[in-house]
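The stops below are given in the order in which selections may be made.

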Amino acid sequence: MSFWHTLPQPIFGLAPMDGVTDAAFRCMVARHGKPDVQYTEFVNVDELCRGISASWGQVRYVEAERPVLAQIYGANPETFYQATQIICALGFDGVDINMGCPAKSIAARGCGAGLIKNPPQARAIIRAVQDGVRDWAAGQALMPDGLHPHARRRLEQALQEAPSGAQCPRSAIPVSVKTRLGYDTVVIEDWLTCLLDEHPEVITVHGRTLKQMYRDQADWQAIGRAATLGRETTTLILGNGDIQTMPEAVERVRATQVHGVLIGRSAMGNPWLFLAKEWARSQCALATEAGPPPAVSAYERFCVALEHVRYFEALNDGRPFVTLRKYLGWYCRGFPGATEARAALFKTTNAAEVAEVFATYGPEQIPQSN
Ligand SMILES: Cc1cc2nc3c(=O)[nH]c(=O)nc-3n(C[C@H](O)[C@H](O)[C@H](O)COP(=O)(O)O)c2cc1C
């Protein structure tokens, strides 16, 4: 039985977000909110297999994040097979296949949500990933000899630095899929039936079509129909889209009977969101034992934002400091002077300058080091 089936239900996870759920952000969410599960940004299988530096940066993680899944995307089943074995070797708890990205540059190449238009290819990819996991666990992997030399070198280096779990005995990790309701129209019944035939452990359904991108409201009635179909199988169905608070998550779970939800954008600048998960579970069970967690003070926001910056600097993975500024902006809300603080933060270039801004706008003394 995989970790998915041992998680308390409903499951509350952090959704994968390219350019957001990087190693530093995930580490902050793991330390301060601890969702039941989290995912990397989507990682291109071809780039991973060719040893491209940026994609290997995307598959770094720390023990505190477990269970942590690598999300991968691409179009070619053979490359998925090999990328899956890399993910297994790196010690991830699961591998998730992206069949939901609506970006033209991705979908037009038959990747992401483009796969909704090509069910035979989507099924071949799920099978390739399942084969990759099974062969890895059975010690019949292509690797490391079959790997591109750059990827082989990166794997050796990653294993030296890897969390201890990566050294554990081989086991078959679960395979999951994250997708949308359809390509240009809602076809969730047909699409889900096709995916369920391959028995992935989990399917996450984002309640929009590719054509909708991020417009309109997520269609939770359609997600509910997906949950009903999933209930007849062993696959867990997670719903996703537009959840802003834990009380809203509770409402969605109660109304649709999904096994859990993934939350994305509402966790930006709010790693504490998931602290309410036990309260939310008790609400879903119509019990009332757990109280909601206390509100997060401006002081705590500053402390965690600073911890995030220092962790980002320590990771030193080649991403420039400017990529961090948006996260700082997200932390800055809900206190007097937040707008001015945000403007000042957008000019910072290192942790010391960030600490200075917080000292100016903060209600209390900000810690000088971790
Ligand atoms: C900036 C951004 C990047 C995203 N990147 C990914 C990704 O890499 N993989 C994926 O499956 N979904 C990705 N998504 C979609 C989210 O996982 C999620 O399905 C969507 O944001 C709806 O959930 P939310 O309303 O809780 O944010 C991304 C969304 C955003 C806003």
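The tour goes from the domains to their interface, then to salt bridges, a helix and backbone geometry.

**The two domains**

The coordinates are those of a predicted model. Begin by colouring residues 3–284 as domain 1 and residues 298–361 as domain 2. The centres of these domains, taken over C-alpha atoms, are separated by 28 Å. In the contact, domain 1 takes part with 21 residues and domain 2 with 15 residues.

**The interface**

Next, display the surface where domain 1 and domain 2 meet. About 1600 Å² is buried between the two domains, and carbon and sulfur atoms give 58% of this area. The interface also holds 11 residue pairs in polar contact, both residues of each pair being at pLDDT 80 or more. Which element gives the most to the side of domain 1 that touches domain 2? Select α1, which gives 7 residues to that side. By class, the side of domain 1 that touches domain 2 comprises 10 nonpolar, 7 polar and 4 charged residues.

How many salt bridges are found across the interface of domain 1 and domain 2? The count there is 3. Select Glu307 and Arg31 together: the two residues form a salt bridge, with 2.5 Å between the closest N and O atoms. Then select Asp22, Glu41, Asp317 and Arg319, which salt bridges link into a network.

Select Asp36 and Arg281 first. The closest N and O atoms of this salt bridge are 2.8 Å apart. Asp36 lies in the loop between α1 (23–32) and β2 (37–44), whereas Arg281 belongs to helix α11 (residues 277–284); the pair spans 245 residues and links distant parts of the chain. Are these two residues buried or exposed? Both Asp36 and Arg281 are buried.

Move to Arg66 and Asp93, whose side chains form a salt bridge with an N to O distance of 3.1 Å. Two loops are joined here: Arg66 is in the loop between α3 (53–58) and β3 (68–73), and Asp93 is in the loop between α4 (77–89) and β4 (94–99), with the partners 27 residues apart. Arg66 counts as buried because its relative accessible area of 18% is under the 20% cut-off. Asp93 is likewise buried, at 18% relative accessibility.

The next pair is Arg127 and Glu198, a salt bridge in which the closest N and O atoms are 2.7 Å apart. Arg127 is in helix α6 (residues 119–137), and Glu198, 71 residues away, is in the loop between α8 (188–196) and β6 (202–209).

**Helix α8**

Show the side chains of the buried residues of α8, namely Ile188, Trp191, Leu192, Cys194, Leu195 and Leu196. What do these buried residues pack against? Their partners are β4, α6, β5 (175–182), β6, α9 (220–230) and β7 (236–240).

**Backbone geometry**

Most residues other than glycine have a negative phi, and most peptide bonds are trans. The last selections depart from this pattern.

Zoom in on Gln9 and Pro10, which are joined by a cis peptide bond with omega of about -5°. Pro10 is in the segment before β1 (11–14). Return then to Arg66: a cis peptide bond, with omega of about -5°, joins this residue to Pro67. Pro67 is in the loop between α3 and β3.

Met213 is not a glycine, yet has a positive phi of about 50°. This residue is in the loop between β6 and α9, and is partly exposed at 32% relative accessibility. Asp242, also not a glycine, has a positive phi of about 70°. Its place is the loop between β7 and α10 (246–256). With a relative accessible area of 23%, Asp242 is partly exposed.

Key
Residues numbered from 1 in each chain as written. Heavy atoms only, no water. Salt bridge = Lys/Arg side-chain N within 4 Å of Asp/Glu carboxyl O. Helix = DSSP H or I, 4+ residues; strand = E, 2+ residues; numbered from the N terminus. Buried < 20%, exposed > 50% of the residue type's maximum accessible area, 1.4 Å probe, protein only. Domains from an automatic or database assignment. Contact = heavy atoms within 4.5 Å. Buried area = accessible area lost by both parts, 1.4 Å probe. Polar contact = N/O pair within 3.5 Å; in protein donor to acceptor, adjacent residues only side chain to side chain. Nonpolar A, V, L, I, M, F, W, Y, C, P; charged D, E, K, R; others polar.
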